[in-house]
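Please keep the sequence and the structure open while reading.

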Amino acid sequence: MGLKKGFFFTVDSIIGAGIITIGILLLYTFYIVEPSYTSLGYSSHDIINALSELKINEVNNPYVDELISTGEITNPENTILEQIGEFWALDKTDKAGNLTKEFTNDFIDENLGFGFYIEGEEIYSRIKSNDGISMTSKKMISGIQRYRTREGFTARAIATKVTKNTTEVFMINPEGSSHGPGTTADIIKKFYINSSDVIKATLFLTVHWGTSATPSNDFDLNGVPTNIGNPWLYTQEKDVTHIGFDFVDITNDVISGWNELKIKFLIQSDDHTHIHPGSKIIVEYESTGKFVPSKLVEKRFYFDNVLSKGGNNLNKATGAWSVLPIFVPKGVIIKNATLHIVGKDLKSFGIPDGVPEKGNVQLYLNDEKIEILNVTGTLNKTYDIKDSLGEGTNVVSVYLNCYPDYFFGEGETLLYSDPENDPEDSSYVEIEYEIIDTTKLQYGKIDVSLIESFDGSMSNGKSYTKDFGDYDIIESFIQVAQLDSGIVSVNANSQNVFTTPRPLATPSSIYIDSDYLIEGENNFDVSDSCSDCYILNETTLQYYVLIPSLVGYGQIFDTEEDAVSDAEERLNLLLGDYVKATQINKEVNPVGGVPSLWGPIIAEVRVWH
Amino acid sequence: MLSILTKAQVFSLDLIIAMLVFGSAILIYYKNITNLSDQDEELLDDLLIDVKSISNSLVSQGYPYNWNKDNVVRIGITDNNRVSEEKLAEFSKIPYKESKKLLGTIYDYYVFFTDRNNNIMQINSSLEGIGKPGVNFTNIQTVENPKKLVKVTRLIVKESEIEKMVIYLWD
C-alpha cells in the first residue's frame, strides 16, 4: 500500500515538471529581447551639438521666456550654449545650471549619469553610480571673462544744430545774341543766395565775340560794374573771331537773396556774340540745416532773360537763343517734365535758305525736335517732354528768330524770364520724379556741396582723379570750361555720361549719377571732338556729400567727463572741416558689470554609466 | 517499520526528480533570458552595428547634399545640424526596400521622433514614422513578432526644439 503511494507521487512530479517545461517553452516563444542601445558618445555629442545650435530667440521654453522678461538674458541671438557660458561668466551659476538642466535633463537617458562643465567647473550634474565608463564631448565657445567686470561711463553725441560751408554753382549756359554791327544783346541772369554769410563768390565767363580783338561788352552785378575780361585770362582766335575766358572775385558784390547779373553784348562786327561753356557763378557760403531726403523731387531751372536788339534790316537781324539742361538721376520714375517757353516780340524777315527747318521758333530736346513753328508776336507754350527724357543730362535748345549762325528777327527778340518777379510766366524747364532707389534716401545726415578745380593746364582731353574717401556721394557734376567748344564728351570711370547732342548744346553743368562712382580713385575724363577746343583747368568737379550727424556710444571711461569729451571729439572728427556743430546733444550711459571679452572657453558634457 | 521505510524512499525520489526538473527549467530559462546562444549573439551584434550605422547616416546631410528620392546615394536628413523637413519628406517617399539598401541593412527598421516627454511628434499629419509599412511604434512586437529587436535614440534639433530620433531595427 505504501509502495503504491510512492509511485503515485513520482508520476505527479513528472507531470508537474512537464507543465513547467511547457510553460517555459511557451514563455520563450513569446519573449523578445529589446536592448536599448544608448551610446555614451552619442548622448554627449548630440546634446552639446544641439545646445550650440539652438538660439535663445527661437526656443519655446517658459524658463527662457522668464529670463528674457526679467532682463537676465540680454542677447537673444546667443545660442543656449553661449548663454550658459555668459551666465557662468557673470557668476550666475545657478541660472547657468537651471538653463542647462532645462535643455538636457529630459533628453539624456534616465539610466545614465551626466554632467555639464565649463572650464572644468561643474554647472549641472545628474548623479548616478559610475562604473568607470564615461564619455566626454567638448565645444569651444566665445567667452566672457569671469570676475573681470568693470563699471564706467560711455557717451554718444548728436549734432542737433550745425553750420556748414557749402558751395553752390549757378549755371550760365551757352546763350546769345545779336548779329551785325551795332546790335546788342542784354542777358539778365537772376540767382538766389539762401545765406547771409557768403564766404567767397566767383564769376567765370567765356565769351565768343566778333572780329575785333577788343570786345565792347559790359558786365555788372547788382548794379556794380564787374571787371571781368579786362584783360581776359585766356584768349583764342578762331576763324577771325575771338574767344576769351576770365574769372573775377565777386564776393563783395553778391547779396543774400536775389542777385542780378547783367551781361551786355555790343556787336562790333561780323558774327554773333554769345556765351560758351565755362560760364558760371560759384558761391561758397555758410548755411544751416540737415539733409531732408524726399521720395518725390521737384526741380525747376529758369532760362536767363535774353533780349536781342537791332533788327532794322536783315544785316542787323536779331535772335535769342539759349540751352538749359535737365538732370535725370538713375533709379527714379519721372512723374512730370515740362518745358515752358515764353518769347516776345517775335517777327522774322523770313527763314534763310541755309536753315534746315523753316520756322522762326525752333525747340529741341537733345537732338530731337520738340516743335518747329512760326510765330509773330508772343509765344507762350508749355510742352510735356517726360517721355523723351533719358537718364543723365538732357539738353533743351531754344532758338527764337535765329538758328545760329543764321539770324532773321525783325525788331527786338526776347526770350523772357524773370524768376524773381514773374516765375510762372517765365521760361523754364521743370521735372518731377520719384526716387525708387531707396539707397539714395538717407536720413539724419548733413549735406554739403564741395567743388574742386581740375589741375594742370588746358588740354584736349583732360582728366581728373578723385578719391572720395569715406564720404557718401549723392550726386556730382562737372562744369566744363572751354574757350572754343565743339562736341564735348564726359566720362566717369571710363563710362560715357554725356556727349553734346547738337551744336552749341554743351550745358554749363553735366550730371554724374552716384552709380558711376566707385570706392577709391574715380577718374573723370573730358574731351572735345574739335582738336583746338581745349578743356581748361578751371573745369570743376562739384559733389554733394552726406556727413553723419551723430556718433554712437564709444569706449567706457571712468568718468562722465571723459566719456563726453570722447564723444565730442569723435563727432568733430566725423564732421570734418566743412561742418561745425553749434549745438550738441550728449547722452551719457552709466555702464556696470560689463564683462571683458576674451578668448574661447571650453564647455564640456560628460556622460557615464 | 516497513511502511515507514517505504515512505522515506518515495519522498527522496520525488525530491530528486523535482530538483532535476526544477534545475533544468532554471537552466533553460537562464539560457533563454540572457540570450547566451552564439547565434543570438551574432544576430544582436549585427543589429547593433546596423542601427548605429543607420543613425549616423540619418543625422548626416546625406549625399548628394541636396539629394532627393531620385538621386539619393546616402540618406541623411539634416542640413546645418538641423532636421531638414524637405529631406525628411524625400526620405518618406523612398520605397521601403530601396531605403533598406541605401541604409545598408537587411533588417527591418522604423524611425520616429519624440519630444522630451517621449510623446510622438508626427512627421506630418498622416505620417507617424518612416519604415516598414504597417508598423508603428506600439505594434512592432505584436505585428512583426521579431526574434531580436534593438533601439537607438539620437538627439537632434528639429523645428527649433531638441527632439529624440528613435530607430528600431529588428529581424
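Predicted model: local features only at pLDDT ≥ 70, side-chain atom pairs only at ≥ 80, totals over all residues.

Residues are numbered from 1 along each chain as its sequence is written, while chains are lettered from A and ligands numbered from 1 in the order in which they are written.

**Overall make-up of chain A**

- Chain A contains 6 helices and 36 strands, these being DSSP runs numbered from the N terminus (helices are H or I with at least four residues, strands are E with at least two).
- Of its 609 residues, 40% are buried, a term that requires 20 or more other C-beta atoms within 10 Å of the residue's own, with C-beta atoms placed from the backbone (exposed means 12 or fewer, partly exposed in between).
- Among contacts in chain A with a separation of 6 or more, 82% are between residues 24 or more positions apart; a contact requires C-beta atoms, placed from the backbone, within 7 Å.

**Helices**

- Helix 2 of chain A (residues 40-53) has 14 residues, and its end C-alpha atoms lie 20 Å apart, in agreement with the 20 Å it should span at 1.5 Å a residue; the expected span is 1.5 Å times one less than the number of residues.
- Because 11 of the 14 residues of helix 2 of chain A are buried, this helix is largely enclosed by the rest of the structure. The buried residues include L40(A), Y42(A), H45(A), D46(A), I48(A) and L51(A).
- Helix 4 of chain A (residues 80-89) is also largely enclosed by the rest of the structure, because 10 of its 10 residues are buried.
- D91(A), which follows helix 4 of chain A, has a positive phi near 65 degrees.

**Nonpolar cores**

- The largest nonpolar core has 93 residues, and those with the most contacts inside it include I281(A), V396(A), L400(A) and I510(A). A nonpolar core is a set of buried Ala, Val, Leu, Ile, Met, Phe, Trp, Tyr and Cys residues joined through C-beta atoms within 7 Å.
- This core lies between domain 4 (294-436) and domain 5 (442-546) of chain A, because both give residues to it; the domain bounds come from an automatic or database assignment.
- Leaving aside neighbours within four places in sequence, I510(A) is in contact with T393(A), F477(A), I478(A), V480(A), V490(A), V497(A) and F498(A).
- A second, separate core of 62 residues includes L81(A) and F114(A) as well as I77(B) and V157(B).

**Strand pairing**

- Strand 22 of chain A (residues 392-400) is mostly covered, with 9 of its 9 residues buried. Strand 17 of chain A (residues 318-328) runs antiparallel to strand 22 of chain A and is joined to it by 9 bridges; pairing requires at least two DSSP bridges.
- P325(A) has V395(A) of strand 22 of chain A as its bridge partner.
- Strand 19 of chain A (residues 361-365) pairs with strand 22 of chain A in the antiparallel sense over 5 bridges, and V361(A) stands opposite L400(A).
- Strand 8 of chain A pairs antiparallel with strand 12 of chain A (residues 257-266) over 4 bridges, where D220(A) stands opposite K262(A).
- Strands 8 and 9 of chain A form a hairpin with 2 residues between them, and N222(A) in the turn has a positive phi of about 50 degrees.

Conventions: Contact = placed C-beta atoms within 7 Å.
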